[in-house]
Amino acid sequence: MFPIRRRSFIIGSSACLVLGSGSKVLAQPAPSMRPHEKELYEAARKEGGELTWYTAQSDDITAQALGRSFESIYPGIKVNALRTTAQVAYQRITQEIKASAIQCDLLSTTDIGHSVALKANGALEKYVPDNASKVLDVYKNYDPDGHYFVTSAGMIGIGYNTAKVKEADAPKNWADLLDPKWNNNIALGHPGFSGYVGTWALTLRNQYGWEFFEKLAKNNPRVGRSINDTVTMLNAGESAIAGSGPVGTLLESVQKGNPLAMVYPTDGTVLIIAPSSIMKGCKHPNTARLFMEFLLSEGASKIWVDHFNETIRPEVSASKGAKSAKDLKIIRPTVEQITKGIPEVIKQWRETFGV
Amino acid sequence: MTDNSLDVRTVQFSALASRVKRLDASFLLWLVLIALLAFLILNPILRLIISSLQETDTGRFTLANYRTAYGNVRHLQSLLNSLELGVGVALLATCFGVPIAWAISRTDMPGKAFIRLMVFAAFVTPPYLGAIGWILLAGPNSGWLNKIWMALTGAGHGIFNIYSMTGLILVIAVTSFPYTFVFTSSALDLVSSEMEDAANILGARTLRTTLRITLPLVTPAIIGGVIISFLEAIALFGAPALIALPARFNVVSTQLWQFFEYPVRVEEAAAYAMPLLAITVLMFWLQRRILGRRGYTSVTGKGGERRMIALGPWRWVMLAYALLVCALSVFLPMLVLVQAAFAKAWGRGFSFDNLTLHNFYYLLVEQTQAKQTILNTFVYSAVTAFAAISLSLAIAYVVNRKLVPWSNVLAFLCVAPFVVPGIVLAIGFYAAYAPPPLALYGTATILILGFTTRFLPIAYTSSAAGLRSINPEMEEAVRILGGSRLLAIRKVLIPLLKKSLAGAWILVFIPATRELSSAIFLVGPNTRVISVMLFDLSEEGNFEVRGDLGVSLLISTVAIAGIGSKIIGRDFMLRSKS
């Protein structure tokens, strides 16, 4: 098996060399690779050079960028990045476990409750990455047993369409969303789909009680699915305010030229801590380990920052135009609250919003 | 074996062989077909029914699932919403489809080829893509139509609200009226003018003749179209997720989705899906009652002439109506989608510095799965179409010619999958075939099998409609002269049905390319199809790339269908009449 793979790899990469595009790709990885990394890379190549990655941690563009970056560092390995909402990814995983046909190698969710539940069911593979100790302290040690690690973080604030709302009139804090002047003009995601929205709703429930959402419902908001739906609604001009505004997706949309802006609420921006884990019984465990190292690396954090998400490495600083979590007032629930609270919030949401 | 059955017969001597001979060889084939149906439909649906009566963990008999599924006002409301949606879509689609079919098939309305092409384009458009277009057109605050209305009248707010039941009905009707159109027009194409002439001679005018003679003659086709659009409407998942959720109401399919959230409650979902099965039974019972024992045989092999009715100035009225329907279903939504596809930031609207091809670059170069996804979609859909047509033709034949006892059960089985919402069908499939021993999870096979089952009703309805109009006496002639049944099918039936079959192929192929609700549970990471990718992208706010993928889907489908029509020649669903 191996000689053929190597031969085809050599043929393939020489083809790249001939075309003049492969030289950089080929030369780059070897010298900088640490022994452990190299070991994983060799093992990953033997596994077939492929990785299936279910991710809810970013939009598709960012997920693809991470995948392409990994492929260029570790030539010969292909990353299939499948971006969905957290609940959809979780659904697929539970399906696969039921059918005992694990397709997913690495799961990156935005609902840490999923990781807790999967670990409890023995569905996760234990692996402590080398890089786990090198991330910022706030992202360390979520699972001392080493089944899941925080690989990204993002924030939720309030977004608005600058063509419809002047900066001075925009909401300053979460309570401002209840102002009747935003009747029919607020866009929200749905906790039954989005892990971000679930955590956001839980955080605000912690802060203001469920009454907050009962009042918010009176403003007749548009309920989408993903948290990113709110950005769509703003871009369309259908809603003026994104009640659950994902900082990363929104700022990326601004960069494209859409007329949007971000408010970091004075009573606290919601920080989402999003973990990744390797599936037990997956087809490419070594590739998954290598990818886990990559997600925790400086390079991955640079890509996250380029797409306006948080860095999880101390070496990388926030991108221009975006604020970093460390400079803001942050609110967030504990892991226990999330595990117990999100199913409750979904139920309450259905009663209050009718969907 | 089939080819030389004639020769074989003449040289058979043994007693065994003659016994086999008496058993008409085709009978064995039918047995195989029945086994296939059991595999595709009976087993997954039975599994659902059984699991609706089981406790989740122990598997013991219980009715608790039904209590939980219906013990909630919101769940009952969703059921009513779905019925309203289905009836609304069926009526609206009939109003759209039947007049256009009549105008194209029987009158001298100008611009027929163009209208036909547009109907085809509407058919190719997946409902969730149309829904996006319509959100941009008729969003209460930002929709283009509303903005135009406000600019024209100076009104403070728009008049259209896509986030409503009416909006959802419209969005689904404009993408599903082609079913009604195709059914009706292919039936009308077979009706000769003799009976209309008789009515004219007796003094009836065009309108009266049409309403009393022509349309009643094709009632089976119209009712078939009504049923299909009703069932399609209540089984859809994508468009309701985009429109009903923000409008804050649920329909059965979005409600079902909730049963599959963590913790997954397949048993409750199964219980909740049962009334839909009951509705199918009811609808087909009704169809039988309405059609009764009246004869609709209009193709007899005895010739008959067809002439176009001269409408005079009314032909322009018909054209205007057809164009209006096309505008609702194609021009307007496509306009906004194409704008998004080529825009850097579609929120900025039309302007030359806002145009880019980068979205296509991203899709075809950076997004490494897009190419594979596009290829998957077309391969799976083509295979599905062949499988579904072969199976359904065989079954329609058995049913129509009453070759085996209880053939009506077969007919029911064939159409039953349509009413099982794609999501539920997929779950049944998943439960039956994903785990070992078959272990099909994540394979192309399970998707193709799932699609074949899902679209068997369409394939069956059109095969059956085609068969019903063909008088058995032509085959009987073959058999009297000593030919086998298979020979009669090959030499008489298939050539007569060629047009219908090509049409049926397209009728399955296209919905398969746009099928979302069953695909979403059956795809694995390497077997993704465009619909699933579009749906995933729809959660993204990334309209530029979505518009692109949508446009690519439409262009490729139209191209494939176009090549198909060249190969098949004029014998094609949307062919031009010479």
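Of the 355 residues in chain A, buried residues make up 54%, a value that, like the others here, is computed from a predicted model. The secondary structure of the chain comes to 14 helices and eleven strands, and strand E5 of chain A, which covers residues 149–161, has 13 of its 13 residues buried.

**Overall dimensions and contacts**

- The radius of gyration of chain A is 21 Å, which agrees with the value near 20 Å that a compact globule of 355 residues would have.
- When contacts in chain A between residues at least 6 apart in sequence are considered, 79% of them join residues at least 24 apart.

**Strand E5 and its pairing**

- Strand E5 of chain A runs antiparallel to strand E10 of chain A, residues 269–279, and seven bridges join the two; within this pairing, A:Ile156 has A:Val270 as its bridge partner in E10(A).
- Strand E8 of chain A, residues 241–246, also pairs with E5(A) in the antiparallel sense, over four bridges, and here the bridge partner of A:Ile156 is A:Pro246.
- Strand E9 of chain A, residues 260–263, is joined to E5(A) by four bridges and likewise runs antiparallel to E5(A), with A:Met262 of E9(A) standing opposite A:Gly159.

**Side-chain orientation**

- In a regular strand, the side chains alternate between the two faces of the sheet.

Note on methods: Residues numbered from 1 in each chain as written. Chains lettered and ligands numbered in written order. Predicted model: local features only at pLDDT ≥ 70, side-chain atom pairs only at ≥ 80, totals over all residues. Rg over C-alpha atoms; globule rule 2.2 N^0.38 Å. Buried ≥ 20, exposed ≤ 12 C-beta atoms within 10 Å, placed from the backbone. Contact = placed C-beta atoms within 7 Å. Pairing = 2+ DSSP bridges.
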